[in-house]
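Please view the sequence and structure below before reading on.

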Amino acid sequence: MSHASRTAPRICPLCEATCGLTLTIEGATVTGARGDRDDIFSRGFICPKGASFGGLDADPDRLRVPLVRWEDGELREASWDEAFDRIAARIPALVEAHGPQAVGVVLGNPNVHTMAGSLYPPLLLAALRTRNVFTASTLDQMPKHVSSGLLFGDANAIPVPDLDRTDHLLLIGANPLESNGSLCTAPDFPGRLRALRRRGSTLTVIDPRRTRTARLADRHVPIRPGADALLLAAMAHVLLEEKLTDPGVLAEYLEGADELAVALADFTPDAVAAACDVDAATITALARELAAAPTAAVYGRIGSCTVEHGTLASWLVDVLNILTGNLDRPGGALFPLSATARAPRAAAPGKGFALGRWASRVSGHPEAKGELPTAALAEEIETPGEGRIRALIVLAANPVLSAPDGDRLDAALAGHLDFMVSVDPYLNETSRHADVVLPPPPPSQSAHFDFAFNSFAVHNQVRYTRAPIPLEDGRMDESEIHARLILAVSGMHGAPPSAVDDLAIATAITKAGAPKELAGELTGRSGPERRLDLMLRLGPYGLTLEQLLAHPHGIDLGPLKPRVPEILRTRSGRIELLPAPIAADLPRLRRALGDRPAPLVLVGRRHLRSNNSWMHNVVSLSGGSNVCTLQVHPDDAARLGLVDGATVRIESAGGGIEAPAEITDTVRSGVVSLPHGWGHSRPGTRMAVAAAHPGANVNQLLDGTLLDPLSGTAVLNAIPVTVTPSP
């Protein structure tokens with residue numbers, strides 16, 4: 001039976017760029033996807049991931065109904081009621097017997113790409129009252145949250161580069177032509193960088209690899225991996241020593257400028273040059289060019305976060321922006337204002353940001369932003385004693401692949417848990433251990449609003465798209481899955497899912513000091529839509545859901561504007577340039593001045609056609625450049641006796657893996673590079689395409705003991721390795 005073709009708008013949920021798509025739909029099937037030319041933010045841009053929307057949406061390996069592990073140990077299909085009955089019977093009983101810390105929660109990156117994943121996990125954590133919370137943030141971005149919290153008093157106040165107006169952009173540890181941006185939501189990041197070059201602005205890229213982004217740059221500095229904080233500290237030293245600092249209007253809001261100069265006195269260009277493998281003259285030139293530019297922005301990402309001094313590097317990125325007067329001014333780095341943010345308040349001292357309010361049970365890792373290091377999850381499950389994690393709820397996460405030492409975590413999940421729940425569309429390397437798997441529907445059957453990424457957008461705007469395809473019979477909306485999960489673990493099993501949203505709305509109205517009658521004025525077809533309507537009404541622009549629905553391609557809210565001092569939440573009410581935890585960690589960085597690197601170190605890399613491990617099961621995105629190879633410089637290959645395409649053995653502290661060698665001069669000598677998100681070779685999964693091209697799990701090279709102490713982030717880059725031809 002043929003169906004008439006139609007089109008519908010849909011915001012792409014497959015990376016942080018949040019591009020607008022126009023889907024072609026026949027019946028209940030997405031048959032095509034192109035960029036939405038009328039989208040007010042992305043203007044028709046699309047990447048290979050967005051173009052493959054239909055293939056991912058219709059993946060035959062996606063689970064359609066719950067799976068429950070029965071008495072014989074096998075996972076089999078079950079009804080939704082059976083699945084939630086099982087959760088309600090097990091989780092509350094474990095909490096009653098062993099306390100709330102007996103339950104751990106793992107949150108993966110896909111949560112911030114869905115409405116349900118953004119709205120409901122905080123309610124789940126409140127219901128469980130557990131401190132055993134682990135997220136993907138301690139595998140990528142937590143250093144930036146910690147540095148922002150210490151500088152500005154708000155861990156979510158993260159400035160983004162004003163890409164469309166800056167005269168000078170310096171990228172360190174970032175490759176947006178492959179990643180599409182991270183903690184910087186910018187549809188068509190490549191086009192924005194090319195436009196930057198066309199208008200005569202300068203692009204500088206600091207990266208040990210000659211990435212696609214680096215090839216676009218005016219200057220590429222192939223730094224030694226892991227030395228980002230040293231180089232940035234030396235640049236700050238030059239600015240201070242040569243009196244090139246000019247904070248401008250921020251001067252009256254700064255605290256600790258004199259102390260900063262003393263703290264960085266030892267980090268001269270000459271002192272750091274050997275450790276960075278960047279000559280002193282180049283470091284000095286980088287600082288002077290930054291200071292001389294009419295406007296400039298420094299932007300650092302995962303390559304500078306997932307290293308031993310990730311928080312210090314993230315802090316120094318903003319220090320450079322502050323010292324040059326480029327923080328919070330057009331053309332520099334500014335704080336976005338999303339439509340669902342809290343309405344601006346008068347400048348005043350706040351509660352500040354604290355680290356280490358509690359610690360992990362086994363190794364004593366301090367919390368950061370309410371989270372414990374994901375690298376510590378296995379030991380918290382397998383180590384006997386009071387407070388051991390006995391039950392685990394995993395929401396859209398695959399830590400067996402994404403966390404260090406997946407073999408250890410794999411064994412812990414298999415042999416030490418009493419009960420496990422996964423909310424996941426796939427039976428993957430982690431969810432295969434669950435006692436209950438709750439599969440959300442495909443993206444085409446879900447509404448979309450970007451609560452998180454609008455807070456990192458390079459232009460203020462707001463967009464919302466309803467589900468272009470009705471929910472298929474037998475499926476459950478992701479918001480209802482989360483709501484029923486909350487009810488099941490909190491002793492309210494059987495209550496209507498709307499009760500969760502009603503409570504959230506009432507709590508938000510009370511907290512905002514708004515009239516209770518506002519709840520009755522909210523519109524929307526569902527609880528999430530009513531909650532979105534409330535957040536819009538209480539937000540800084542006073543919008544409504546009806547206004548968004550009337551503008552299916554979005555509403556332009558204008559360019560980024562200065563927001564200091566309103567964003568400051570520090571106890572002093574000022575930008576605290578040298579917070580005590582940062583000052584206490586600087587001696588560790590100072591000791592690194594004398595370090596000399598291992599002969600060979602490993603770094604990760606991103607692929608444009610994947611996002612971590614999510615999309616390795618999509619046929620149209622597999623193969624081509626999206627392959628798991630170890631990139632090796634020709635000089636190193638010759639020294640080690642490696643042959644292009646031949647299998648090599650890579651070994652480090654956590655173990656060893658094998659991968660094909662790719663000999664290329666795009667990686668500097670002394671460095672090898674392997675992408676993350678691979679390793680789809682474990683039995684018991686149901687991902688046929690991924691299993692046919694499993695690749696190697698780079699995180700199995702890590703034992704999980706090396707962390708950035710301030711943020712608890714796993715050190716995933718600049719790892720010493722040995723590489724030999726495979727026997």
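Which residue lies over the face of Tyr 120? Arg 531 does, at 5.0 Å from the ring centre. The model is predicted, with local features needing pLDDT of at least 70, side-chain atom pairs counting only at pLDDT 80 or more, and totals for chains, interfaces and linings using all residues. Residues are numbered from 1 along each chain as its sequence is written, and side-chain values use heavy atoms, without hydrogens and water.

**Charges over rings**
- Arg 86 lies over the face of Trp 70, at 4.9 Å from the ring centre.
- For such a contact, NZ of Lys or CZ of Arg is within 6 Å of the ring centre and within 35 degrees of the ring normal.

**Aromatic pairs**
- The structure holds 4 aromatic pairs (ring centres of Phe, Tyr or the six-membered ring of Trp within 6.5 Å; planes under 30 degrees apart are stacked, over 60 edge-to-face, the rest tilted).
- One of the pairs joins Phe 152 and Phe 335 edge-to-face, at 5.2 Å centre to centre and 90° between the planes.
- Phe 152 belongs to helix H6 (residues 142-152), whereas Phe 335 is in the loop between strand E14 (333-334) and helix H16 (377-382), 183 residues apart.
- Helices (H or I, at least four residues) and strands (E, at least two) are DSSP runs, numbered from the N terminus.
- Both Phe 152 and Phe 335 are buried (under 20% relative accessible area, 1.4 Å probe, protein chains only).

Conventions. Buried means under 20% relative accessible area, exposed over 50%, partly exposed in between (1.4 Å probe, protein chains only).
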